[in-house]
Amino acid sequence: MEDQRHRGEAGVPDSPMVEETGPEMTVFACAACGAALTGPLKRLPAVPEAPGYAWWEAEEMGPSPATVPSGCYAIETEPYGVPLVVAGAPGPVMPRHGTRCNIDGQPLVSQGPRGNIVMNPDDCRGLTTRHASTACCGATPYGGLNQVCACGTLVATLCSDCCLPYELHLSPDHVRALPSRSPGSDRTA
Ligand SMILES: [Zn+2]
Ligand SMILES: [Zn+2]
């Protein structure tokens, strides 16, 4: 006797493997003036590793490949950047970058803000750089916030010098996260 149970022919609908809700998307806007600073971005579970990049061998100076893929963001759980304080042992001064010492050779660690919104700098709009520390070809985070909204408020830190991970860190205290409906998620309740 042949088994007649052909799968999919019994009128049973295929089990829904595709989630019906679209991905949660977020637009970040300046908390002071409300101007949108990004398009809709998808949250990643964690900040990715920075891509390996031999900046010292690059033919042209410029930013490394971005840490966060375009269209995405992630929340930084580690403290980021200034203020740096003298510590007993070397530690991270910012994620995805090495250690740092002061001019006396004492190791420094970051007591900077946590919870930064890390994104691809190319996804941001309406910000201009106000240099707070010197860099050879881009911006460094060593002076703190260095990105100004059109309204004059410092809202983010750009890290774009050639020897640093290429990242934009929105300050959670200076931006607002707005839910954004993703295309195709039109549903009537
Ligand atoms: Zn603004
Ligand atoms: Zn450089």
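Visitor: How many bridges join β5 to strand β6?
Guide: In this predicted model, strand β6 covers residues 107-110 and runs antiparallel to β5. One of the residues involved is Arg100, which stands opposite Leu108 in β6. The number of bridges joining β5 to β6 is 2.

Visitor: Which strands stand at the edges of the open sheet of 3 strands?
Guide: The order in this sheet is β4-β6-β5, with antiparallel pairing. Two of its strands each have a single partner strand, so one side of each is left without a neighbour in the sheet. Those edge strands are β4 (84-86) and β5 (100-101).

Visitor: Which strands stand at the edges of the open sheet of 9 strands?
Guide: The pairing in this sheet is mixed, and the order is β8-β9-β10-β11-β7-β3-β2-β1-β12. Each edge strand has a single partner strand, so one side of it is left without a neighbour in the sheet. The edge strands are β8 (127-129) and β12 (175-180).

Visitor: In β10, what is the bridge partner of Val148?
Guide: Strand β9 (residues 147-149) and strand β10 (residues 154-159) run antiparallel and are joined by 2 bridges. The partner of Val148 in β10 is Leu154.

Visitor: How many helices does the chain have?
Guide: Read along the sequence, the pattern is β-β-β-β-β-β-β-β-β-β-β-β. The chain has 12 strands, and its number of helices is 0.

Visitor: Which element gives the most to the largest nonpolar core?
Guide: This core has 26 residues, and Met119 and Leu170 have the most contacts inside it. Two or more residues come from each of β1 (25-30), β3 (72-75), β7 (117-119), β10 and β11 (167-170). The element that gives the most, with 4 residues, is β10.

Visitor: How many residues are in the other core?
Guide: The other core lies apart from the largest one. Among its members are Tyr80, Val93, Met94 and Tyr142, and its residues number 6.

Visitor: Is Leu170 buried or exposed?
Guide: Leu170 lies in strand β11. Leaving aside neighbours within four places in sequence, its contacts are Phe28, Asn116, Ile117, Met119, Val155, Ala156 and Val175. There are 25 C-beta neighbours inside 10 Å of Leu170, and the cut-off is 20 or more, so Leu170 counts as buried.

Visitor: What distance separates the C-alpha atoms of Leu170 and Tyr73?
Guide: Tyr73 is in contact with Met119, and Met119 is in contact with Leu170. Leu170 and Tyr73 are 97 residues apart along the chain, and their C-alpha atoms are separated by 10.0 Å.

Visitor: Where is Pro83 found?
Guide: Most peptide bonds are trans. The bond from Val82 to Pro83 is cis, with omega near 0 degrees. Pro83 is found in the loop between β3 and β4.

Visitor: What is the phi of Arg96 near?
Guide: Arg96 is in the loop between β4 and β5. With 18 C-beta neighbours inside 10 Å, Arg96 counts as partly exposed. Most residues other than glycine have a negative phi. The phi of Arg96 is positive, near 65 degrees.

Note on methods
Residues numbered from 1 in each chain as written. Chains lettered and ligands numbered in written order. Predicted model: local features only at pLDDT ≥ 70, side-chain atom pairs only at ≥ 80, totals over all residues. Pairing = 2+ DSSP bridges. Core = buried A, V, L, I, M, F, W, Y, C linked by C-beta atoms within 7 Å. Buried ≥ 20, exposed ≤ 12 C-beta atoms within 10 Å, placed from the backbone. Contact = placed C-beta atoms within 7 Å.
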